[in-house]
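Visitor: Could you walk me through a few local features here, with the cut-offs spelled out?

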Amino acid sequence: MSTTDKASPEASQQPAASARGDEDAAAGAQLSTAPLEDAPGGPVGIGVLGWLRWFWRQLTSMRVALILLFLLSLASIPGSLIPQTQVDAMKVATWKREHASWVTVAEKLQLFDVYSSVWFSAIYLLLFISLIGCILPRSWQFVGQLRGRPPRAPKRLDRLPAYTTWRTDKPADEVVAAAGKVLGGSRFRTETGASSVAAEKGYLREAGNLAFHIALIVMLVAFAWGQLYKSEGGKLVLRGKGFSNTLTQYDDFKSGSFFTPDDLPPFSFTLDRFDASYAKTGPQKGTARDFKAYVTFREGANGAPHKREIEVNKPLEVDGSKVYLLGHGYAPVVSVTDPTGKVIFKDAVPMLPQDSNLTSSGAIKVTDGYKDKDGKKEQLGFGAMFVPTYAGEGKGTMFSQFPDLDFPALMLSAWHGSLGVDSGLPQNVYQLDTSKMQMFKDDSGQLFKQKMLPGETMTLPGGAGTVKFEGIERWATFSITHQPGSGLALAGAIAAIGGLAGSLFIQRRRIWVRATAGEDGVTVVEMAGLGRSESTKLPEELAALAAALHQQAPTAPDRPVKENVEGERG
């Protein structure tokens, strides 16, 4: 049973209350490594030094760190809504044409290069500095706590949130020794005094808190490292053709600010075969079942050839880079002859899929070698539509019925003139720019076009030549990525989750045991606990510890109190 103080005059209580308050404050001190705030109204310095101290304390506060983290997420939104130069320069040019009135403002705000802009970098660096400035003092405080010892027991243990007491016949020194063993056996750090034991546990809570903040810094460093040194490019490879990991081989390429072409690991591969299988019946007819690219891989300039297989989500890994299989399609093999019958073009032309059944569109461009029947140099262009499974005459438009090559057909429309490829401006290889071209006309004066099956030939009007559908090849697209900070970012994310879990589920708490001899010679045992925050687990833990100690120092039996009867001799 806990004891209570007797009433005393107010004047005599004030010094005692002050002393008890100091002891209680010492008992609960340093349960956290959170930075201590200045006292209200306390001076921050004079002049420039004072302002610098104030600015530093504001910057390193958790409140400002959260604000900066929120601003960083807001600053990323324009990068998702507006095309970025490093990602797709052609989309940026298209956006500028469609939003001409906003171009000046967008360029001044660096909205086409958000992630390398001054304002985004400023938020990123301020967040980085804020986290470091917050972690360093907390780490120093935590080291001091690890080296320190649990504080001595407060004078009034019964004021603490969890408290129990009993009386025992065991001597006080034996109770104190037994309490030290019980608390030590429960992995408490103990400090034994003359009549009390102080114990502390839950240091991993603050370790988890610090680990979480350090992990955030690691993730920021990893993301910055990855963005500055990353490289990513795509390449369409025809069956039987190859790829060498050099900058000129890529169809599209983007990289970080500090990337150099020398960072590309030397390797090459040839696409030997591409296999795809689809569901042929049922409600999921046409759904892809399996994609697999068979390649001959060589590492280095003169490496030995090795057979490898690349599947979706199973990339080929080479010296920190990964080769992913992204997609596939068909490339009709087309040959073109001039009016004299000379073959001036013969190649497999990749078509771009438009739907899940691989209805594909593209353009065939004959840029050199063609002369019309009058000997005038011209360029030829053919708008193309390819379907691997044609529905048949009179059964609909040119849309594929199945993604496999069951009934392939090619539709071409013919143009002549200038393709615009000599202007020096980038051009989409899958689209035909007819602004400087004239169409070949059929007998009715309309655009000349014809549907062909493999092996069939289209004769251009006016003896302008022929086009033959020779056959079909497959192609596959690969993405070659190098993200140097991905492993570090993953480690930081795992550490952040572990640290956050530790800071949420581990409670920092202290237990005190005091044993004092009463006036009747019976030892009074007091146990009390204090946690950083209120928790139902602390009373339960204190009860378990008290039960363990009670086995070694059981409650003393009640002793009868002899009372004097009136008129009887004492």
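**A surface patch and a buried lysine**

Guide: I77 is partly exposed, its relative accessible area being 42%, where partly exposed lies between buried (under 20%) and exposed (over 50%), with a 1.4 Å probe and protein chains only. This is a predicted model, in which local features need pLDDT of at least 70, side-chain atom pairs count only at pLDDT 80 or more, and totals for chains, interfaces and linings use all residues. Residues are numbered from 1 along each chain as its sequence is written, and side-chain values use heavy atoms, with hydrogens and water left out.

Visitor: Which helix gives the most to the nonpolar patch?

Guide: The patch on the surface is formed by I67, F70, L71, L74, I77 and L81; patches take residues with over 30% relative accessible area and no salt bridge, nonpolar side chains being joined within 5 Å. At least two residues come from each of α3 (62–75) and α4 (77–81). The most, four residues, is given by α3.

Visitor: How far from K365 is the nearest side chain of opposite charge?

Guide: K365, in strand β14 (residues 360–366), is buried yet has no salt bridge, a term that requires a side-chain nitrogen of Lys or Arg within 4 Å of a carboxyl oxygen of Asp or Glu. Its side chain instead reaches the backbone oxygen of N428 at 3.1 Å, and the backbone oxygen of Q431 also lies 3.1 Å from a polar atom of that side chain. The nearest side chain of opposite charge is that of D433, at 7.9 Å.

How values were computed
Lys, Arg positive; Asp, Glu negative; His and termini not counted. Polar contact = N/O pair within 3.5 Å; in protein donor to acceptor, adjacent residues only side chain to side chain. Patch = residues over 30% accessible without salt bridge, like charges linked within 9 Å, V, L, I, M, F, W, Y side chains within 5 Å. Areas by Shrake-Rupley, 256 points an atom, 1.4 Å probe, with all protein chains shown as cover.
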